[in-house]
Amino acid sequence: MDEIYASLYNLKVCGAISTMFGAFLIWMWRVNAITCPGKIANGGGVAIFMFAYGPYFYARANARISMNLLEFLGYNACIFYAVFLILGTIGFYHSSIISNH
């Protein structure tokens, strides 16, 4: 998580983000197919966890980030709401494909 946050706020260059995202997608599809098909929150739950990790990252990197906590959380809310929608949509369509077959 530190790698992702640091790359979002230009504190570090993370070259493995595409690999981590690909591994996550494979894992998320498996969870959606096995546990409870049809629920959007399975994919979006990761975005909620990532948003909840934000204050911890902000506390650790406060000296290197040039914004206050409210602004930081606002940007995180926008970013991870988009991630929630993307992963929730993928989970919804994947579970609907599986349930139709």
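L8, Y75 and I79 together make a nonpolar surface patch of about 250 Å² in this predicted model. Areas come from the Shrake-Rupley method with a 1.4 Å probe.

Let's meet three residues. Buried means under 20% relative accessible area, exposed over 50%, and partly exposed in between.

| Residue | Relative accessibility | Class |
|---|---|---|
| N10 | 70% | exposed |
| Y75 | 44% | partly exposed |
| N76 | 0% | buried |

Y75 sits in helix α4, residues 69-100, and N76 lies in helix α4 too. Helices here are DSSP runs (H or I, at least four residues). Leaving aside neighbours within four places in sequence, N76 is in contact (heavy atoms within 4.5 Å) with Y5, Y9, F51, G54 and Y81.

N10 belongs to the loop between α1 (2-8) and α2 (17-34). The C-alpha atoms of N10 and R64 are 9.9 Å apart, although 54 residues separate them along the chain.

An unreviewed UniProt entry lists residues 6-28, 40-58 and 73-93 as "transmembrane region"; such annotations may be inferred rather than shown by experiment. Residues 73-93 are 100% helix and 0% strand, with end C-alpha atoms 29 Å apart.

Residues are numbered from 1 along each chain as its sequence is written, and side-chain values use heavy atoms, leaving out hydrogens and water. Local features need pLDDT of at least 70 and side-chain atom pairs count only at pLDDT 80 or more, while totals for chains, interfaces and linings use all residues.

Terms used: Helices (H or I, at least four residues) and strands (E, at least two) are DSSP runs, numbered from the N terminus. Buried means under 20% relative accessible area, exposed over 50%, partly exposed in between (1.4 Å probe, protein chains only). Patches are made of residues with over 30% relative accessible area and no salt bridge: like charges are joined within 9 Å, nonpolar side chains (Val, Leu, Ile, Met, Phe, Trp, Tyr) within 5 Å. A salt bridge is a side-chain nitrogen of Lys or Arg within 4 Å of a carboxyl oxygen of Asp or Glu.
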